Amino acid sequence: MLLLGLTGSIATGKSTVSSLLAAPPYNLPVVDADKIARQVVEPGTAGYQQIVAHFGPTTPDLLLPPSPESGGEHGHNGKGRPLNRPALGRRVFGEGKETDRKALNKIVHPAVRKEMYRQMVMAYLRGNWAVVLDVPLLFESGWEPLCGTILVVAVSDAVIQMQRLRARDAHLTEEDANNRVAAQWDVRDKAQRCLRRGESAGVVVWNDGDKEDLKREVDRVMTVVQKHHPKWWALLLLLCPPLAAVSATWSYVRMWWVKREWEKEKQQLKAKL
Ligand SMILES: CC(C)(COP(=O)(O)OP(=O)(O)OC[C@H]1O[C@@H](n2cnc3c(N)ncnc32)[C@H](O)[C@@H]1O)[C@@H](O)C(=O)NCCC(=O)NCCS
Ligand SMILES: Nc1ncnc2c1ncn2[C@@H]1O[C@H](COP(=O)(O)OP(=O)(O)OP(=O)(O)O)[C@@H](O)[C@H]1O
């Protein structure tokens with residue numbers, strides 16, 4: 001089964017593309033890291049308790065205020081009121097907040113990873129030829145070598161990215177929005193890094209046009225992906241697990257090498273400046 005990593009940067013169009021991939025003619029299962037990241041911090045979970053213990057004492061508005069929507073004083077299930085996500089966002093996005101962001105990631109990411117692996121195994125057992133891993137921080141959090149192919153959704157114009165972010169998340173101030181964009185790598189860098197994997201393992205969907213253009217772009221790149229990863233190959237791997245193990249290991253080693261070379265080049269470039 002092909003692990004098709006779907007990434008980009010904030011508001012470049014990942015969710016829009018994942019909806020297209022989940023619908024006909026592709027009908028691919030999608031493992032959505034953002035969605036899982038919400039589930040693992042719901043009231044009553046270990047993630048919720050750790051966040052409240054870590055950020056609660058210094059963040060007075062960490063929980064939503066008591067109301068019928070938030071379930072009153074003790075939340076809907078009596079396990080606490082839901083997190084006030086914009087307030088937590090202000091704690092972790094912005095200059096000088098890397099330590100807080102790392103602390104939050106350390107709480108949330110292991111739980112997300114565990115649930116993602118579970119969903120991947122389920123997709124494999126159901127005989128899918130590919131599964132989409134929609135992970136905003138795919139490069140930043142080291143998922144890259146695991147993916148047989150990576151699809152980066154990018155915009156070449158940063159102004160378009162900011163306009164779409166502000167239009168979708170109207171509650172964010174301009175500063176909040178800038179902080180969120182700055183918390184991730186530049187999407188054009190991600191696109192370049194993706195293309196370094198070669199056509200069979202890295203494709204870029206450019207999303208500067210309208211949604212019809214985006215659909216055409218997705219169809220274009222999916223033709224390339226399907227050419228390099230035919231369904232009969234996925235079926236063969238399903239029927240022959242040792243072959244699947246060899247193929248996955250080979251893909252991992254090759255992609256780990258590409259990652260290493262890219263990082264070395266970046267370091268050399270930095271040293272020259
Ligand atoms: C800080 C939180 C509560 C803000 O919640 P909010 O509902 O406002 O934003 P949401 O979760 O929808 O994220 C929107 C986008 O922000 C970006 N983003 C989220 N978390 C991070 C992070 N830790 N670092 C960089 N960018 C991030 C992603 O592009 C994401 O798609 C939330 O983003 C969070 O819990 N982040 C930590 C978990 C995480 O890393 N999630 C990303 C996928 S694993
Ligand atoms: N080609 C397009 N034309 C117009 N609007 C678009 C286009 N692509 C995406 N959008 C809009 O831009 C916004 C951001 O898109 P989307 O939510 O898919 O991005 P995302 O990368 O998943 O964001 P996040 O990282 O925050 O999860 C959405 O409101 C979406 O409807």
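Because the model is predicted, local features need pLDDT of at least 70 and side-chain atom pairs count only at pLDDT 80 or more, whereas totals for chains, interfaces and linings use all residues. Residues are numbered from 1 along each chain as its sequence is written, and chains are lettered from A and ligands numbered from 1 in the order in which they are written.

The chain is divided into domain 1 (1–29 + 126–273) and domain 2 (34–116), with bounds that come from an automatic or database domain assignment. The C-alpha centres of domain 1 and domain 2 lie 27 Å apart. Eight residues of domain 1 are in contact with nine residues of domain 2, contact being defined by C-beta atoms, placed from the backbone, that lie within 7 Å. On the side of domain 1 that touches domain 2, helix H7 (residues 174–182) gives the most, with three residues. Helices (H or I, at least four residues) and strands (E, at least two) are DSSP runs, numbered from the N terminus. By class, that side of domain 1 has three nonpolar, three polar and two charged residues. In this classification Ala, Val, Leu, Ile, Met, Phe, Trp, Tyr, Cys and Pro count as nonpolar, Asp, Glu, Lys and Arg as charged, and the others, Gly among them, as polar.

An open sheet is formed by five strands in the order E2-E3-E1-E4-E5, with parallel pairing; two strands pair if DSSP finds at least two bridges between them. Strand E2 (30–32) and E5 are the edge strands, each pairing on one side only. From one strand to the next, the twist averages 20 degrees. Strand E1 (residues 2–8) runs parallel to E4 and is joined to E4 by five bridges; Thr149 in E4 is the bridge partner of Leu4. Helix H8 (residues 187–195) packs on the sheet and touches E1, E4 and E5. The direction of H8 makes about 150 degrees with that of E4, where axes are lines fitted to C-alpha atoms, for helices over the stretch in contact, and angles run from 0 to 180 degrees between N-to-C directions.

Strand E4 (residues 149–154) also pairs with E5 in the parallel sense, over five bridges, and Val203 in E5 is the bridge partner of Leu151. Strand E5 (residues 202–206) is largely enclosed by the rest of the structure, because four of its five residues are buried. A residue is buried if 20 or more other C-beta atoms lie within 10 Å of its own, exposed if 12 or fewer, and partly exposed in between, with C-beta atoms placed from the backbone.

Ligand 1 is surrounded by 19 residues, of which the closest are Ile10, Arg85, Gly89, Pro136 and Ala183; a residue is near a molecule if its C-beta atom, placed from the backbone, lies within 6 Å of it. Two or more residues of this shell come from each of helix H2 (33–39), helix H4 (85–92) and helix H5 (98–125). The shell around ligand 1 comprises 12 nonpolar, three polar and four charged residues. Domain 1 and domain 2 each supply at least three residues to it.

Around ligand 2 there are 17 residues, and the closest are Lys14, Ser15, Thr16, Arg164 and Arg168. Helix H1 (14–22), helix H6 (158–168) and helix H9 (211–228) are the elements that give two or more residues to this shell, and H1 gives the most, with three. The shell around ligand 2 divides into four nonpolar, seven polar and six charged residues.

Leu214 lies in helix H9 and counts as partly exposed, with 19 C-beta neighbours inside 10 Å. Leaving aside neighbours within four places in sequence, Leu214 is in contact with Gly13, Thr16, Asn207 and Gly209. Leu214 and Val17 are 197 residues apart in sequence, yet 7.9 Å apart in space, C-alpha to C-alpha.

Some backbone features occur in loops. Ala11, in the loop between E1 and H1, has a positive phi of about 65 degrees although it is not a glycine. Ala11 is buried, with 25 other C-beta atoms within 10 Å. Asn27, in the loop between H1 and E2, is likewise a residue other than glycine with a positive phi, near 50 degrees, but Asn27 is exposed, with 9 other C-beta atoms within 10 Å. Pro25 also has its place in the loop between H1 and E2, and the peptide bond from Pro24 to Pro25 is cis, with omega near 5 degrees.

Technical notes:
Two residues are in contact if their C-beta atoms, placed from the backbone, lie within 7 Å.
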